[in-house]
Amino acid sequence: MRRLTLAAMLLLTACSPNGCSRTDTTPQTAGTTVGDTVAPDPGAATEPEAEPAPPVPEPVTWPHETGGDLVPGSGSGATDPTLWAPGIRFPIEAAPAYANSQVYGYGGFAAPGPGGQCDPRNYSYPWRDNFCETRSWTNGLCPTGKGHQGQDIRPSTCEKKVHWVVSAEAGEITSIGSYTVTVLGESGRIYRYLHMDMAGVHALFPTMASRTVTRGQRLGQVSNDFGGSATTIHMHFEIKGPVSEGGPATVSFVPTYSSLVDSYGRLLNGNA
């Protein structure tokens, strides 16, 4: 029997049960076909790898108590979670700011202990609602029908005539009093800002023609003006809107806390 040549043996090893096919061992040029496989062309352009998407930052949050949770012993709060003024600009231009009680905070006449109004504990979180805090003023949305008509807010430091107050929405300044600025917003809501440096407010808005304001426009600076006397350094903020309780809607003071929480969160996250 003749011996198989090496070439024949190599040919046989390429056979399968379905038959034999010739294995082409000829060197291929780049980009040519070998059987069913296309060899890559080393000179061809390649698609750059896509860069990974940047991580989505975690939302900035801050400690704050729930609406209606007043300082113990300071009254019964309004627990209605309604967002009465969606989309408003937080009324102090820059963070941080501290929503808390002036009367029941350090330096107030019902303070929890020794300490002045500039006590660091007044300039720290958590926030605390003080709408409906015990007062003699009529407030139909408070459980007792009386109480504090807005929210007290301290700016970042215990300094007056430094921190800017801004308009919650576009509208018209309808009144500048001895310690109150009133803005009628385009939404129909009414905003009142108390205890600013009133001389500075009059300098910014000397005539009625100058009193059209845009959302976020500066209105004045946080101070302690109180109609010829002084209060603590803070800004008292109120919202009045249409309220219907089974009858015709009336314009009433509404809880401010939920709208302030919403607007402050947007301020902290760069979406004021």
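A polar contact is a pair of N or O atoms within 3.5 Å, where within protein one must be able to donate a hydrogen and the other to accept it. The legends below describe close-up views of a predicted model.

View A. The side chains of Arg 135 and Glu 133 are joined by a polar contact of 3.0 Å. Arg 135 has a relative accessible area of 18% and is therefore buried, the cut-off for that class being under 20%. When residues up to four places away in sequence are not counted, Arg 135 touches Val 103, Lys 146, Gly 147, His 148 and Asp 152.

**View B. The disulfide of Cys 118 and Cys 158.** The sulfur atoms of Cys 118 and Cys 158 are 2.0 Å apart, and this pair is one of two disulfides counted in the model. The torsion about the S-S bond is about -60°, so the disulfide of Cys 118 and Cys 158 is left-handed. The pair links distant parts of the chain, with Cys 118 in the loop between strand 5 (98-99) and strand 6 (151-154), and Cys 158, 40 residues apart from it, in the loop between strand 6 and strand 7 (164-166). The accessibility of the two partners is as follows: Cys 118 is partly exposed, with a relative accessible area of 44%, whereas Cys 158, at 19% relative accessibility, counts as buried.

**View C. The disulfide of Cys 132 and Cys 142.** Here the sulfur atoms of Cys 132 and Cys 142 lie 2.1 Å apart, and the link is left-handed, with -100° about the S-S bond. Cys 132 and Cys 142 both lie in the loop between strand 5 and strand 6, ten residues apart, and the pair is counted as linking distant parts of the chain. Cys 132 is buried, and Cys 142 is buried as well.

**View D. Helix 3 (residues 257-268) and the elements it packs against.** Helix 3 has twelve residues and reaches 16 Å from its first C-alpha to its last, which is close to the 16 Å expected at 1.5 Å a residue. Because nine of its twelve residues are buried, helix 3 is largely enclosed by the rest of the structure. The buried residues of helix 3 are Tyr 257, Ser 259, Leu 260, Val 261, Ser 263, Tyr 264, Gly 265, Arg 266 and Leu 267, and the buried residues of this helix pack against strand 6 and strand 14 (229-243). Just after helix 3, Gly 270 takes a positive phi of about 70°.

**View E. Strand 9 (residues 180-185) with its pairing partners, strand 8 and strand 10.** Five of the six residues of strand 9 are buried, so this strand is largely enclosed by the rest of the structure. Strand 8 (residues 171-176) and strand 9 pair in the antiparallel sense over five bridges, and they form a hairpin with three residues between them; within this pairing, Gly 171 has Gly 185 of strand 9 as its bridge partner. Strand 9 is also joined by five bridges to strand 10 (residues 190-194), and these two strands run antiparallel. Across that pairing, Leu 184 has Ile 190 of strand 10 as its bridge partner, while Thr 180 stands opposite Leu 194 in strand 10. The hairpin of strand 9 and strand 10 has four residues between the strands, and in this hairpin Gly 188 takes a positive phi near 100°.

**View F. The pairing of strand 10 with strand 14, and the largest nonpolar core.** Strand 10 and strand 14 pair in the antiparallel sense over five bridges, with Tyr 193 standing opposite Phe 237 in strand 14. Apart from it lies another core, of five residues, among them Ala 78, Phe 131, Cys 132 and Phe 253.

**View G. The contacts of Trp 127.** Leaving aside neighbours within four places in sequence, Trp 127 is in contact with Tyr 257, Leu 260, Val 261 and Tyr 264, among others. The contacts of Trp 127 also include Trp 62, Pro 63, His 64, Glu 65 and Phe 90, together with Ala 97, Tyr 98 and Ala 99.

Definitions and conventions. Residues are numbered from 1 along each chain as its sequence is written. This is a predicted model: local features need pLDDT of at least 70, side-chain atom pairs count only at pLDDT 80 or more; totals for chains, interfaces and linings use all residues. Side-chain values use heavy atoms; hydrogens and water are left out. A disulfide is a pair of cysteine sulfur atoms within 2.5 Å. Buried means under 20% relative accessible area, exposed over 50%, partly exposed in between (1.4 Å probe, protein chains only). The expected span of a helix is 1.5 Å times one less than its number of residues. Contact means heavy atoms within 4.5 Å. Two strands pair if DSSP finds at least two bridges between them. A nonpolar core is a set of buried Ala, Val, Leu, Ile, Met, Phe, Trp, Tyr and Cys residues joined through side-chain atoms within 4.5 Å.
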